[in-house]
Amino acid sequence: VGDYAANMAKRSMALNTVPPVPHTGGLHAIGRLAAQQMRDVLKAYDALDADAAQKVRERDAELDLQYTALFRELLTYMMEDPRNITPCTHLLFMAKNMERIGDHATNIAENIWFRIHGDHRPLPPREKRDESSAISRA
């Protein structure tokens, strides 16, 4: 998680050298979600609270959905004006870093469940809403 944060800091410094990109509200929303996931899973770990850990795990799909929406928004913005490719690429990498932080929080939540219950059986498979890597043949 610290490596992802350091990477985002480096990219934010690079973004300071180019004109501002107006479409960063989605990035802020992803950051809030990822940070909340991490706060909540650390509380669940401290309290050995399997139910709180499960709630963190269930919210992973929301973070994936936000990431996919921002990915599409920034891609559209890059296609509209090629001058935005460099700053939007930095934003995309930053968003992916935040999405991965959420994935790490989810993995910690699963480990909390395992530590308390000794198995993974009650956990349904995680819903993955990030379909940005899928190829659509419409």
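The structure is a predicted model. Its largest nonpolar core has 28 residues, and the structure holds five salt bridges. Arg-11 is buried yet has no salt bridge.

**The nonpolar core**

- Within the largest nonpolar core, the residues with the most contacts are Leu-27, Ile-30, Val-41 and Leu-91.
- Each of the helices α1, α2, α3, α4 and α5 supplies at least two residues of this core.
- Helix α5 provides the largest share of the core, namely ten residues.
- Ile-30, one of the residues with the most contacts inside the core, touches Leu-63, Gln-66, Tyr-67, Leu-70, Ala-95, Met-98 and Glu-99, when residues up to four places away in sequence are not counted.

**Salt bridges**

- Side chains of opposite charge can pair when their charged atoms come close.
- Asp-40 and Arg-59 are joined through their side chains in a salt bridge, with an N to O distance of 2.6 Å.
- Asp-40 belongs to helix α2 (residues 25-47), whereas Arg-59 is in the loop between α3 (50-58) and α4 (60-80), so this pair ties together parts that are 19 residues apart in sequence.
- Asp-40 counts as buried because its relative accessibility is 18%, a value under the 20% cut-off.
- Arg-59, at 27% relative accessibility, counts as partly exposed.
- Glu-99 and Lys-96 also form a salt bridge between their side chains, at 3.2 Å from N to O.
- Glu-99 and Lys-96 are three residues apart in helix α5 (residues 85-117), which means that about one helical turn separates them.
- Glu-99 counts as buried at 2% relative accessibility, while Lys-96 counts as partly exposed at 29%.
- A further salt bridge links Asp-81 with Arg-83, whose closest N and O atoms are 2.8 Å apart.
- Arg-83 counts as exposed, with a relative accessibility of 69%.

**A buried arginine without a salt bridge**

- Arg-11 lies in helix α1, which covers residues 2-15.
- The nearest side chain of opposite charge to Arg-11 is that of Asp-3, 13 Å away; a salt bridge requires the nitrogen and oxygen atoms to be within 4 Å.
- The side chain of Arg-11 does make a polar contact of 3.0 Å with the side chain of His-90.
- When neighbours within four places in sequence are left aside, Arg-11 is in contact with His-90, Phe-93 and Met-94.

Notes:
Residues are numbered from 1 along each chain as its sequence is written. This is a predicted model: local features need pLDDT of at least 70, side-chain atom pairs count only at pLDDT 80 or more; totals for chains, interfaces and linings use all residues. Side-chain values use heavy atoms; hydrogens and water are left out. Helices (H or I, at least four residues) and strands (E, at least two) are DSSP runs, numbered from the N terminus. Buried means under 20% relative accessible area, exposed over 50%, partly exposed in between (1.4 Å probe, protein chains only). Lys and Arg count as positive and Asp and Glu as negative; His and the chain ends are not counted. A polar contact is a pair of N or O atoms within 3.5 Å; within protein, one must be able to donate a hydrogen and the other to accept it, and residues adjacent in sequence count only if both atoms are side-chain atoms. Contact means heavy atoms within 4.5 Å. A nonpolar core is a set of buried Ala, Val, Leu, Ile, Met, Phe, Trp, Tyr and Cys residues joined through side-chain atoms within 4.5 Å.
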